[in-house]
Every structure is written in C-alpha cells, then in structure tokens.
Amino acid sequence: MSGLESLIINSSAYKRILSDKQSNRLSHAYLLVSKEKEFLEEQLIIFAKLIMADNQSDCSRINSLIEKKEYSDVEFYPKNEKGISTEDVNDLIEKSFYKPLESDKKLFVLCGGENMTVASQNKLLKTLEEPPENTYILIGARSEFPLLQTVKSRVKKLEIEAFSFEQLFSALKEKCSDSEKLQSSISVSDGTYGNAYSLYTSEKFSLICEYAQSVLFDMKSSKEVLDYSVKFEKIGIDITELLSVLECYLEDMLFFFQGKKEFIKNKIVLEKISNPNGFNLSSVVYALEQIAETDKREKANCTNPMMIERLLFSILEGKHKWQK
C-alpha cells in the first residue's frame, strides 16, 4: 500500500463511501473536494477501487486494471489534457446506457470538475439527476466554487481534509530519505500529500521560503510590489506552493500574537517576528483572508501575475490599515 493510499483509506471521505456501500446505500453521484493538485487523479483511483470492489471477484486484478485505467466498467475523463469538455460529457452520457461488461455497475470518474465549462455542467445535469440503472459518477475537484449549484445539489459532497504533520511524515518517510528536509517541507505545506512532496522535491524549495519571508518581513511599500511581482515570475515559483508557505508562516505569526508560541512550527518566524514590520494580530488575520481569496482565484484559473500583485498589495494594505 502506498503512502497516499494509507492516508486516503483513513479519511472520513473514504469511510463515508465504505459505510454507504456496506449499507447498500451507495449514492449514484459523489463530489470529492480535495486541495490536492498533483495527486487528485490518484485519489480518485483509490475511491474508484472502493466503489467497484466485489467480494465475489478477483479484486487484485480489478484494482490493477483500474490503476492503469483499463478496466472495462470504469471510464476516466478528461480524455485529453485540455480538461473535461462537452465531448467528454457526451461520451459519458452515451456510455451510461451501456450495460456493464464485467461488474454489476459502471463508474464514470471526472477529474478536475472545477474546470468544467458551464455548458458541460448543464449537459451533465440530467444524468446526475436520473442516471441509468447501475450507473455511478465520481467527480473530483480542487474546489466546489466554480461548480453550478444545480450540479452540487445532485451529488453527495465529500471532502479530503488537511492531513496532520504526523500523518504526512509517516506517509512520506519511505519516499523522502532526508528527514530534516521532509519535516521542513511538511511544516510549510497546506496539509496535502502532493504539496508536501512537491516542496520536498522542488529545486526551488529554499527560494520559495526565502521569497515568502521577504514578502512578509522585508517588503515595506507599494513601490516594491512590482519588483516582487517581477521576481516571482523570474524565479518561476509555483503559486500554490508559495501560498502554502505564506499561509504557514502567517499561521505561526497568529500563534505568536495569540501568545501560543508552543504551536509555532517554523523557527524563522520566532527569529523574524521580533521586528514584525507592521504586522499585528488584525493584519495577520487579514493577510490570511487574502491568501484564501487568492487560492480561490487560482482554482478558478485567474492569471498568476495579476493574483500575485493583488495579494502583495493586500498584505501591505492590511499592515498600514491596522497601524493607524
């Protein structure tokens, strides 16, 4: 069992579907919301294996085929790298009327539901509401925000919550041999397996941390925002990784201002906070809100440079606002 799979099978989302299945109340459609970026499809494959598991069949063979996306009764979308299209939805609707070939059910797995166009979502509504017999749909999305309310009302929502430091360390320690670097990457991750692993393997890990620290502790005026924005583009930082690091530093600052120093994960915060450069409790809370908004915009496919400039200005705005 992989480290990721060990995390997922212990999640509340996995246990919810397992309970539904054991009580013969499997929903015809599930929406799995996960912050996972790199490993969302892998997560969906784990859930697909659970849904399709049959005690009367050779599960190891079925699981192997599902993992390779070759099982006849499980269809994965999108069919290309451009995202779920109306052609994909048309294909799903047509194949939903086919009888299963090997199993007693057919499963359709859509990865990246947040990127579906309005037209694609509308076309899917009737199948979500009245699917053919023994047809099941599993939609995976990084955010439910871009999905139509009419879609969300027709699915059972499940969420993969952030994993703890201990859970991620246990899941990644065999894959990541440098224990100290792994601890550092987990401490500034957003609690997802993929982001922790991505930061660990990133050649720019130290640059991301240095950039985040400079934004919070060295950037002093709006005149510097453009320089920081250009530097962001020049270094080629992944915005998801940067938001994760910024969020973790700010959460540690929050603990500092709340007098909860024992919860601080990053020593750098204790070293830098002695000269907080305008931050106080209110401005830290405001900055965290702006990061959440930026994350939402990123998931809605907004332009990175515009988002970064907006975020940098917002962080400065918060510091100046609560200094008055």
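Q: Where is proline 78 found?
A: Proline 78 is found in the loop between β2 (74-77) and α5 (86-95). Helices (H or I, at least four residues) and strands (E, at least two) are DSSP runs, numbered from the N terminus. The model is a predicted one, in which local features need pLDDT of at least 70, side-chain atom pairs count only at pLDDT 80 or more, and totals for chains, interfaces and linings use all residues. Residues are numbered from 1 along each chain as its sequence is written, and side-chain values use heavy atoms, leaving out hydrogens and water.

Q: Which kind of peptide bond joins tyrosine 77 and proline 78?
A: The bond is cis, with omega at about 10 degrees.

Q: Why are α13 and α16 called roughly parallel?
A: Helix α13 (residues 239-257) and helix α16 (residues 304-321) pack at an angle of about 15 degrees, their axes 12 Å apart. Axes are lines fitted to C-alpha atoms, for helices over the stretch in contact, and angles run from 0 to 180 degrees between N-to-C directions. Angles under 35 degrees count as roughly parallel, over 145 as roughly antiparallel, 65 to 115 as roughly perpendicular and the rest as oblique. The two helices are therefore roughly parallel to each other.

Q: Which residues of α13 and α16 meet?
A: Ile239, Leu242, Leu243 and Leu246 in α13 meet Asn304, Met307, Ile308 and Leu311 in α16, where contact means heavy atoms within 4.5 Å.

Q: What makes asparagine 24 exposed?
A: Its relative accessible area is 70%. Buried means under 20%, exposed over 50% and partly exposed in between (1.4 Å probe, protein chains only), so asparagine 24 is exposed. Asparagine 24 lies in the loop between α2 (12-22) and β1 (29-34) and has a positive phi of about 60 degrees although it is not a glycine.

Q: Why is asparagine 134 called partly exposed?
A: Asparagine 134 has a relative accessible area of 35%, so it is partly exposed. Its place is in the loop between α6 (118-129) and β4 (135-141), and its phi is positive at about 65 degrees, although it is not a glycine.

Q: How do you know that cysteine 176 is in no disulfide?
A: A disulfide is a pair of cysteine sulfur atoms within 2.5 Å. By this rule the count comes to 0 disulfides. For cysteine 176, the nearest cysteine sulfur, that of cysteine 209, is 15 Å away. Cysteine 176 is buried, with a relative accessible area of 2%.
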